[in-house]
Every structure is written in C-alpha cells, then in structure tokens.
Amino acid sequence: MVKFLKRFYLTLIFIFLYAPILVLIVFSFNESKSRGYWGGFTLKWYVELFRDRDILKALYYTFLVALLSSIISTVIGTFSAIGIHNMGLFTKKMALNINYLPVLNPDIVTGIALMTLFVSLNMRLGFMTMLISHTVFNIPYVILSVLPKLKQMDKNMTEAALDLGATPSYALRKVIIPQIMPGVITGALIAFTLSIDDFVISFFTTGSGVTNLSILVYSMAKRGVKPSINALTTLMLLTVVILLLLINKRTTKGDELIP
Amino acid sequence: MKRTSILLITCLFIFASLLVLPGCKQDKVVLNIYNWGEYIDPELLEKFEKETGIKINLDLFETNEHMLAKLETGGTQYDVIFPSDYVIEEMIKKDLLAKIDFSNIPNFRYVGDRFKNLNYDPTNEYSVPYFWGTVGIMYNTEMVDEEVDSWDILWKEKYAGKILMLDSMRDTIGVALKKLGYSVNETDPGRLEEAKQLLIQQRPLVNGYYVDEIKDMMINGDAAIAVNWSGAAMDIYWEGIENIRFVVPKEGSNLWFDCMVIPKTSQHKKEAEMFINFMLDPENAYQNSLYVGYVSPVTEAFERLMQENPEVADMDAYNPSEEVLDKCEVFIDLGDNRPLYNRIWTEIKVQ
C-alpha cells in the first residue's frame with residue numbers, strides 16, 4: 001500500500017510537470033491555428049518555422065546572447081567568487097549582501113534601471129546593451145553557485161601547491177579551478193537558461209532590430225501565438241533531451257564526472 | 001590549458017569584431033519600425049527594401065504601455081510606430097509625435113473619409129490609420145438560437161454562466177454605457193453609476209473576465225456568448241470555423257484604430273513617410289489585410305478583399321452596416337476622469 005502511494009505520488013508529480021509540455025508538443029502538429037481545437041495532423045508548422053525569417057533571427061540572437069553572456073559572466077563570476085572567498089569577515093559579508101541585491105530585485109526594476117543607464121550614457125540600445133544586461137544579471141548567480149564549492153575545498157591544498165613551488169597562477173589553474181569546476185559548470189548552465197528565459201530585461205534594453213525569442217512570443221499576444229513557436233519549442237526540448245541522454249551515457253561510462 | 005585559453009580569447013575577439021563590423025557600414029539608410037508581433041506581412045517589408053534600397057529593422061512590442069515606457073525614456077530611434085487610438089492622444093499630449101508631412105503621402109487619398117480626423121487626432125496631423133475594427137458580441141450558433149442584435153442578450157438569465165466579458169476597463173464599461181444609450185466616453189458620474197449597477201447586476205451571469213482566452217473558449221464551446229474585438233472574430237473566420245458569429249449591436253459600440261505615427265526622435269522622417277505611403281498603396285494594403293486578416297481603412301483594398309471573399313461582405317466583423325457604424329464612437333483619453341473609471345472598475349471586479 002505504501003509502495004503504491006509512493007508510486008502514485010511520483011506519477012502525479014510527473015504528470016503535473018510534463019502535461020503542459022506534452023500538450024504543447026501535440027499542438028505543434030495541429031492543422032488549426034487555435035489552441036484547444038484539433039484540425040488534423042500536419043507538419044506545416046515545422047516547414048513554416050524554417051521559412052520564418054523573424055523566428056530564425058530571434059533564435060540566433062537568443063542563443064548568441066545566451067552563449068556569450070554565460071561565458072563572460074562565468075569568467076567574471078568565478079574570479080569574483082574566488083576573491084570574495086578570500087576576503088576578511090566583514091568585507092565578505094558586505095560583498096555577499098551586495099551580490100544578493102540584484103538576485104532579489106524584481107526584473108522590471110533591473111530592466112528599467114539598465115535602460116535608463118544606457119540612455120544616460122548615450123549608448124544606442126541594441127545587441128551590445130542586451131548582452132551587457134544579460135551578463136550583469138547572470139553574474140550574481142554564478143558567484144552563488146561557485147562559492148559553496150570554494151567553501152568545500154580544503155584550504156591546505158592551495159597552500160601545499162604553493163609550498164611545492166607552484167606559482168599562484170599555476171596553483172589556480174591546476175588546483176583551485178579543477179576542484180570548483182562542478183560549481184562553475186552549474187553556474188554557466190544557470191546563466192545560460194536564465195538568459196534564454198528572460199523577457200522583461202531584454203525588452204527594455206534591446207533595440208534596432210535585435211529581438212530574442214521571448215520578446216517575439218510575447219509580442220504575438222495580440223494576434224495569438226503562432227503554432228510555429230510550438231514547433232520550435234518541441235525541437236528545442238528534443239535537443240535538450242538528447243543532450244541529457246548523451247551526458248548521462250558519458251557519466252555512467254567514463255571516469256570523468258560531470259554534474 | 002594554455003591552448004584553450006588562447007582559443008577562448010581569439011573566439012571572443014572574433015565575436016566582438018563581428019558585433020562591431022555591421023555597425024560600420026552605415027551607407028544605407030536604416031528604418032526602425034516598432035510594431036505588434038505578426039501584425040505586418042514580412043513580404044511587404046522585403047518589397048519595400050527592394051524598391052527603395054532602404055533597410056528595415058523590425059522591433060516588436062506586446063502592449064501599448066510597454067511601448068510608451070520605452071519610447072519615453074529615449075535611447076531608441078524608431079521611425080514608424082503602430083500604437084492604438086487612445087495612446088496616440090496621450091502621445092500627442094506628451095509631445096512625442098512629429099507632424100506628418102502629408103504632401104509626401106499622396107496615397108492618403110485612398111483612405112476612407114470615415115477614418116480621417118478622428119477624436120484622438122482631430123486635425124489629422126500626426127497619424128495615419130492602419131487597421132480598424134469594432135467591439136461586438138461573439139456567439140455560438142449551436143448554443144444561441146435567437147437573433148442577436150442587442151447588448152441586452154448579455155443580461156439574459158438563460159445564458160447564466162455561459163457569458164464571457166472582456167477584461168478591459170474601457171471596453172466593458174463602454175458596453176454598459178452603450179446599452180443604456182449613453183456615449184462610451186461618458187464622464188457624468190450619475191450615468192457612470194448606472195452603468196456600474198448594470199454590470200454588478202450582470203456579475204452572477206458572467207463566467208469570467210478574459211482577454212485572449214475568449215477566442216479559444218468560444219471555439220471549444222465553453223461559453224455561448226462573449227464580448228470581443230472584431231479582429232478576433234476575423235481570426236476565427238479565417239480559421240474556417242463556422243459556428244461562431246460576430247455582431248455589432250444596434251445600440252452602437254466602440255470603434256478602434258491601430259495607426260502609423262512618426263515619433264519626434266525619428267532621424268529619417270522622409271523615409272518614414274515613404275514607408276507610410278507604401279503601406280497605403282491599395283495593392284500593398286490589400287496584401288497586408290489578407291495576411292493579417294484585419295480590416296484595412298484603404299477603400300480599394302477593403303472592397304477588393306470583399307470581392308474575392310464574398311462571405312465577408314455580410315460579416316459585421318468585416319463590414320458593419322453604415323447605420324451601426326454611425327453609432328460607434330472612438331475612445332477619448334479620460335484625462336482627469338480616469339480615477340473615477342478605475343474606481344468603478346474595481347468595484348465591479350471585486351463583486
């Protein structure tokens with residue numbers, strides 16, 4: 001009985017989590033444009049997707065910004081975390097609190113603040129401003145995911161490396177970074193997803209023809225979201241699933257563990 | 001490790017130069033257009049680029065308010081924007097719009113007289129209509145077997161729980177005002193109180209207040225009657241769904257417009273006017289109306305679409321009768337009366 005309840009509970013949770021995604025996938029094959037009305041099976045939205053200049057352009061910008069901003073913010077965030085880790089007690093607390101602020105701040109405040117900043121600096125809103133904004137809101141998350149790994153690390157390791165003649169930069173590369181790698185990768189992944197996800201900040205900091213997927217989808221609110229978007233999300237989901245499977249296969253087979 | 005870091009740095013440089021380079025070749029004029037998503041035929045943009053050699057950058061917004069917030073901060077260089085009627089009035093008051101030089105827009109003569117000099121821009125100096133429509137009653141012919149021609153049907157006990165109202169302050173209060181025979185721009189507190197009472201009295205019959213969901217709920221048969229914009233009814237028609245009809249009630253209704261305007265900050269006003277002129281060309285207006293599915297104010301385009309799709313001629317969503325149209329009004333910015341409307345709206349919603 002207990003076993004049954006356990007199973008039942010688990011299934012319920014999975015249904016809850018995956019039902020919306022399943023519906024979305026099913027409706028990407030729907031002949032009719034409307035949600036909730038089945039007009040027959042079709043692949044035309046997939047064909048249309050690859051013909052749609054705007055969607056493909058938005059996809060390109062979304063990934064370019066996500067990739068660049070996650071790389072840049074991971075580099076900056078990791079070094080900041082190492083720095084914060086080695087600070088004195090009081091300054092460390094200060095730095096951490098300052099780091100929490102952007103995380104707790106509502107997106108709309110961050111978005112409008114960044115826009116006002118760019119405008120007052122006479123910067124033209126566009127790709128650059130959007131990339132900077134994404135990097136800015138990603139950095140705190142990277143710091144927060146790297147810090148615990150630094151705390152777990154044995155302090156003596158670095159000292160031992162230095163004692164044995166490693167230069168500080170050599171110790172950093174060969175001792176510290178490999179140990180905190182799982183935290184760095186998690187940070188990069190969080191940054192990547194946050195960037196793909198973001199609408200509010202992107203909306204206010206972009207301009208001159210640069211549109212990402214979330215802006216594109218929201219802007220369709222007036223006319224109803226095109227099923228091509230369902231097709232696109234289905235394909236993106238498939239890519240993620242395949243990637244996960246590949247990673248799982250590697251981690252179970254190989255000796256190198258990827259978090 | 002060294003190699004990878006060098007690789008990474010080189011990659012960054014390449015990316016950075018890729019980003020900077022497109023900014024250098026500024027010999028072509030670039031026109032920045034700010035529109036709703038899926039609200040213009042992309043083929044027309046390409047056609048314009050080919051004909052004039054001007055490059056078009058299309059940016060998208062999702063609500064008038066977001067668009068306004070972004071425009072007011074500055075830093076954007078939009079040349080043509082597509083706001084709705086009441087926002088244009090606000091933009092004129094805030095001095096955000098440039099006066100359009102109509103000598104550069106000869107095609108303006110193709111726009112029907114009914115769509116010129118409207119309330120939001122009385123002297124027609126700042127805006128050119130793009131699409132228009134009405135607010136009306138959408139109903140399912142399988143669930144409603146009487147003739148629908150009046151707002152009264154929204155208060156019939158028979159349809160309790162099967163009525164959907166718009167979650168939009170002006171539109172819904174406007175419906176009640178029109179039913180009472182007043183103007184949609186009424187500011188008299190006594191008359192507004194009457195409208196409020198009417199809507200509170202209707203509350204138990206209403207399934208809910210929605211916006212975009214109405215279309216799907218009607219198609220699914222979750223409701224029998226709904227208040228909605230004519231554009232949504234056109235979408236349903238183009239979908240080929242036949243049991244949903246749309247009627248503009250005989251008491252009259254709201255007439256809405258989405259227009260093209262040029263903000264003061266535009267750096268390419270001449271080219272922006274060329275673009276507006278291009279969109280008013282009957283051939284292009286027809287193509288655009290067919291793509292978007294909404295009704296064009298360009299008379300020739302409007303009539304051509306009717307000739308090629310004869311059914312739409314009888315549809316209130318596309319071609320409401322002159323009589324009814326005469327009773328329809330465009331919203332005026334509420335100005336100082338906005339708090340009064342807000343209060344009434346809250347009182348209705350909390351019921």
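Predicted model: local features only at pLDDT ≥ 70, side-chain atom pairs only at ≥ 80, totals over all residues.
1. **Chain A overall.** Chain A has 11 helices and 0 strands. Read along the sequence, its pattern is α-α-α-α-α-α-α-α-α-α-α. The C-alpha trace spans about 70 × 65 × 35 Å along the principal axes. Of the 259 residues in chain A, 32% are buried. Take the contacts in chain A between residues at least 6 apart in sequence: 77% of them join residues at least 24 apart.

2. **Chain B overall.** Chain B has 13 helices and 9 strands. Its C-alpha atoms fill a box of roughly 75 × 55 × 45 Å along the principal axes. Buried residues account for 41% of the 351 residues in chain B. Among contacts in chain B between residues at least 6 apart in sequence, 77% link residues at least 24 apart.

3. **Domains of chain B.** Domain 1 of chain B covers 28-131 + 256-311. Domain 2 of chain B covers 133-255 + 321-349. Over C-alpha atoms, the centres of the two domains of chain B are 27 Å apart.

4. **Where the domains touch.** In chain B, 13 residues of domain 1 are in contact with 11 residues of domain 2. On the domain 1 side, helix H4 (85-93) and strand S9 (255-261) of chain B each supply at least two residues. H4(B) gives the most to that side, with 4 residues. By class, the domain 1 side has 8 nonpolar, 2 polar and 3 charged residues.

5. **Strand S1 of chain B.** Strand S1 (residues 30-36) of chain B has 6 of its 7 residues buried, so it is largely enclosed by the rest of the structure. S1(B) pairs with strand S2 (residues 55-61) of chain B in the parallel sense, over 7 bridges. Leu31(B) has Ile56(B) in S2(B) as its bridge partner. From S1(B) the chain passes through helix H2 (residues 42-52) of chain B to S2(B), and this β-α-β crossover is right-handed. S1(B) also runs parallel to strand S3 (residues 80-81) of chain B, joined by 2 bridges. Here Ile33(B) stands opposite Val80(B) in S3(B).

6. **Helix H5 of chain B.** Is this helix mostly covered or mostly exposed? Helix H5 (residues 169-179) of chain B is mostly covered, with 10 of its 11 residues buried. The buried residues of H5(B) include charged-type names such as Arg170(B), Asp171(B), Lys178(B) and Lys179(B). Ile173(B), Val175(B) and Leu177(B) are also among them. The packing partners of these buried residues are strand S4 (127-140), strand S5 (163-166), helix H6 (189-202), strand S7 (225-229) and helix H13 (338-349) of chain B. Gly181(B) follows H5(B) and has a positive phi, near 90 degrees.

7. **Met169 of chain B.** Met169(B) lies in helix H5 of chain B. Why is Met169(B) counted as partly exposed? Met169(B) has 17 other C-beta atoms within 10 Å, and a residue needs 20 or more to be buried, and 12 or fewer to be exposed. Leaving aside neighbours within four places in sequence, Met169(B) is in contact with Tyr341(B) and Trp345(B). Met169(B) and Ile262(B) are 93 residues apart in sequence, and their C-alpha atoms are 28 Å apart in space.

8. **Helix H11 of chain B.** Which residues of helix H11 (residues 299-308) of chain B are buried? They are Ala301(B), Phe302(B) and Leu305(B). Seen down the axis of H11(B), these buried residues fall within an arc of 105 degrees, so they line one face of the helix. The buried residues of H11(B) pack against helix H10 (282-292) of chain B.

Notes. Residues numbered from 1 in each chain as written. Chains lettered and ligands numbered in written order. Arc of directions from axis to C-beta. Contact = placed C-beta atoms within 7 Å. Domains from an automatic or database assignment. Pairing = 2+ DSSP bridges. Right-handed = clockwise from strand over helix to strand, strands pointing away.
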